[in-house]
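Here's a quick briefing to read alongside the model. Have the structure open as you go.

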Amino acid sequence: MARAGLTTERLVHAGAELADEVGFEQVTVSALARRFDVKVASLYSHLRNSQDLKTRIALLALEELADRAAEALAGRSGKDALGAFAHVYRDYARAHPGRYTAARHPLDPATAAGSAGVRIAQLTRAVLRGYDLTEPDRTHAVRLLGSVFHGYVSLEAAGGFSHSAPDSQESWNRILDALDSLLRNWPPGPDPL
């Protein structure tokens, strides 16, 4: 019998909070049971195992990220949209480091296809509508943005930019300027054979 007051949704949100506090890698059903001061067995009516919990946290994180990105992009285009989208990633990673890590958690193909990750990819492509890119360059640009945003956020979170001037905010702004310039002046691809 399920313990009163415990629901799958409540457990997933608590797991996400735990991930932000101690790191996504440390989140387990056992750790969650300790948080609620219940026996591990009482959670198994809501969660199959720790992998199920992590998958559900990943889905929550993707949903939150997609919702924030959609809100930030509303009515924006070009450089304004690029900056808004980039700031969503960075701000989310800073506010929710465990959830941000969870958003990178590997999902099986069916789960990934039904996740908000699809919306995030669509929103990335929406940002790129403000630039004159066609396929396959649009896909290359999606990968570039994801790589730059994730790489910068990860290095910044690890303290990689805290030891020298200029400060990381100034670098972030300059990188966004450079990305905008690159996207407006995308180099031509190789000539087809």
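Predicted model: local features only at pLDDT ≥ 70, side-chain atom pairs only at ≥ 80, totals over all residues.

Of its 193 residues, 41% are buried.

**Overall layout**

- Along its principal axes, the C-alpha trace spans about 65 × 40 × 35 Å.
- Take the contacts between residues at least 6 apart in sequence: 69% of them join residues at least 24 apart.

**The nonpolar core**

- The largest nonpolar core holds 56 residues, and Phe85 and Phe149 touch the most other members.
- Two or more core residues come from each of helix 1 (8-22), helix 2 (29-36), helix 3 (50-73), helix 4 (78-95), helix 5 (97-102), helix 7 (117-128), helix 8 (137-157) and helix 9 (168-184).
- Helix 3 is the top contributor to this core, giving 10 residues.
- Zoom in on Phe149 and, leaving out residues up to four places away in sequence, you'll find it touching Leu82, Phe85, Ala86, Tyr89, Trp172, Leu176 and Leu179.
- As background, nonpolar side chains in soluble globular proteins tend to be buried together.

**The largest pocket**

- The volume of the largest pocket comes out at about 260 Å³.
- It has 16 lining residues, and the closest to the pocket's centre are Tyr89, Arg104, Gly117, Ile120 and Ala121.
- By type, the lining splits into 10 nonpolar, 5 polar and 1 charged.
- Helix 3, helix 4, helix 7 and helix 8 each put at least two residues into the lining.
- Helix 8 gives the most to that lining, with 5 residues.

**Salt bridges**

- The count comes to 15 salt bridges, and three of them are picked out here, starting with Glu21 and Arg35, whose side chains meet at 2.9 Å, N to O.
- Glu21 sits in helix 1 and Arg35 in helix 2, so this pair ties together parts that are 14 residues apart in sequence.
- Glu21 is exposed, at 53% relative accessible area, while Arg35 is partly exposed at 33%.
- Next up is the salt bridge between the side chains of Arg99 and Glu64, at 2.8 Å, N to O.
- Arg99 belongs to helix 5 and Glu64 to helix 3, so the link ties together parts 35 residues apart in sequence.
- Both partners fall below the cut-off for buried, which is under 20% relative accessible area: Arg99 has 8% and Glu64 has 16%.
- The side chains of Asp80 and Arg76 also form a salt bridge, at 3.3 Å, N to O.
- Here Asp80 is partly exposed, with a relative accessible area of 44%, and Arg76 is partly exposed too, with 40%.
- Salt bridges that share partners also join Glu17, Glu21 and Arg35 into one network.

**Tyr92**

- You'll find Tyr92 in helix 4, and it is buried, with a relative accessible area of 0%.
- Setting aside neighbours within four places in sequence, Tyr92 is in contact with Ala61, Glu64, Leu65, Arg68, Pro97, Arg99 and Tyr100.
- Those contacts include Glu64 and Arg99, the two residues that meet in the 2.8 Å salt bridge.
- Tyr92 and Leu123 are 31 residues apart in sequence and 16 Å apart in space, C-alpha to C-alpha.

**Thr55**

- Thr55 is in helix 3.
- Is Thr55 buried or exposed? It counts as buried, with a relative accessible area of 17%.
- Not counting residues up to four places away in sequence, Thr55 touches His105, Leu107 and Thr111.

Notes
Residues numbered from 1 in each chain as written. Heavy atoms only, no water. Core = buried A, V, L, I, M, F, W, Y, C linked by side-chain atoms within 4.5 Å. Buried < 20%, exposed > 50% of the residue type's maximum accessible area, 1.4 Å probe, protein only. Helix = DSSP H or I, 4+ residues; strand = E, 2+ residues; numbered from the N terminus. Contact = heavy atoms within 4.5 Å. 1 Å grid on protein atoms, 1.4 Å probe; cavity = no way out; pocket = protein on both sides within 12 Å on 5 of 7 lines; lining within 4 Å. Points joined across faces, edges and corners; volume = space filled by probe spheres on them. Nonpolar A, V, L, I, M, F, W, Y, C, P; charged D, E, K, R; others polar. Salt bridge = Lys/Arg side-chain N within 4 Å of Asp/Glu carboxyl O.
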